[in-house]
Amino acid sequence: MIEYIPQWTIDFWNWFPVDLQTLLIILGKIILILVPLLLAVAYVTYFERKVIGYMQVRIGPNRVGFFGFSLWGLGQPIADAVKLLFKEIIIPSQANKYLFLIAPVLSIGPALAAWAVIPFNREMTLANVDAGLLYVLALTSIGVYGVIIAGWASNSKYAILSALRAGAQIVAYEIAMGFALVGVLMASGSLNLGAIVEAQAGGFSSWFIVWMLPLFLVYFISGVAETNRAPFDVAEGESEIVAGFHVEYSGMAFAVFFLAEYANIILISALTSLMFLGGWLSPFEGWSSLQGHWLAEASIFWFLGKTSFFIFCFLWFRATFPRYRYDQIMRLGWKVFIPVTIVWIFVEGVMVVLKVGPWAG
């Protein structure tokens, strides 16, 4: 490929110091990840309104488009973003101004930074970190601080009530998610996300979901609760506490919380597909009838397809299930999910000793 690049371009690139070249390459990779990710976050909001609209036998957004054409309402997320950009950010007079503005950043920052170690296929990853799973767990646990600080800094009874409820809920389900990932660690023998995916090579029967179905269900449902999505969205129960911990926010400050929620949805969906459904690996791998066919080959499109399916599940749940009571949510997290994960970790230990399933070799 190098001969197709003009010589002056190569000379200009080589003029930069090696350290600066490395920095520019890293910045380029970050931009290549962040720009599509932010577009995906914006259009998941559109997708949600369309999916729920069709489930409720209505159309959803269908007016705002591009170049004078409605195009099924595809311009709606852009219109929403422009509207929020021009809205005034109102800070309550008794609020802690600095913490009030830092809280949205603490919510969206970890959701975006976690993508630094997410592998899209064998070659495409920003940082191939051996402790990638620990990095993701550490970053995602920071998000709760954004929620708590937003509620406290607003100096509003409604906001702090919601922040406390959301914080307790997030902590409860984080423990269950952590235990579920212990099972993945036992099966793969690595904290590297790429190695976890490669440990599932061999087709659908080798995917961890087959041997860890209870842990998969606990992890994904806990992810729904972790993001405060329906039916676990009691932190935003409009009939009880107005709008939740972000009730005092407006304009782009509110939009950042909104983006953080959808960024976390995409992140949880991506992690679920990587750790339980083989990431970029094909379910038809090893099928003799499909030998050499693109369906049997590992591809980024498999990863994106699995991630999209789980995003759809988030939206499906919102359109289907009624909201749980708060005591039911806490009971599910502490008294059901945590015991289930501990029992299944013990079952996995027995499978390791007996050399069953992933440990047969």
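This is a predicted model: local features need pLDDT of at least 70, side-chain atom pairs count only at pLDDT 80 or more; totals for chains, interfaces and linings use all residues.
Let's start inside. The largest nonpolar core has 64 residues, and those with the most contacts inside it are Trp115, Tyr219, Met275 and Phe276. Helix α12 (residues 251–276) gives the largest share of this core, 11 residues. Apart from this core lies another one of 16 residues, including Val147, Ala166, Ala235 and Phe257.

Leaving aside residues up to four places away in sequence, Met275 touches Leu133, Leu181, Val184, Ile196, Gln200, Phe208 and Tyr219.

Now for the helix pairs, side by side:

| Helix pair | Axes come within | Crossing angle |
|---|---|---|
| α4 (residues 97–113) and α6 (residues 143–153) | 7 Å | roughly 160° |
| α2 (residues 18–55) and α12 | 9 Å | roughly 95° |

An angle over 145 degrees counts as roughly antiparallel, so α4 and α6 are roughly antiparallel to each other. Their crossing is left-handed. On the α4 side, the contact is made by Leu99, Phe100, Ala103, Leu106, Ser107 and Pro110, while residues of α6 in the contact include Tyr145, Val147, Ile149 and Trp152. Sorted by class, this contact has 11 nonpolar, 3 polar and no charged residues.

An angle of 65 to 115 degrees counts as roughly perpendicular, so α2 and α12 are roughly perpendicular to each other. Here Leu37, Ala40, Val41, Val44, Thr45 and Glu48 of α2 meet Phe258, Leu259, Tyr262, Ala263 and Ile266 of α12. This contact has 9 nonpolar, 1 polar and 1 charged residues.

How values were computed. Residues are numbered from 1 along each chain as its sequence is written. Side-chain values use heavy atoms; hydrogens and water are left out. A nonpolar core is a set of buried Ala, Val, Leu, Ile, Met, Phe, Trp, Tyr and Cys residues joined through side-chain atoms within 4.5 Å. Buried means under 20% relative accessible area, exposed over 50%, partly exposed in between (1.4 Å probe, protein chains only). Helices (H or I, at least four residues) and strands (E, at least two) are DSSP runs, numbered from the N terminus. Contact means heavy atoms within 4.5 Å. Axes are lines fitted to C-alpha atoms, for helices over the stretch in contact, and angles run from 0 to 180 degrees between N-to-C directions. Angles under 35 degrees count as roughly parallel, over 145 as roughly antiparallel, 65 to 115 as roughly perpendicular and the rest as oblique. A crossing is left-handed if the near helix is turned anticlockwise from the far one by less than a right angle, and right-handed if clockwise. Ala, Val, Leu, Ile, Met, Phe, Trp, Tyr, Cys and Pro count as nonpolar, Asp, Glu, Lys and Arg as charged, and the others, Gly among them, as polar.
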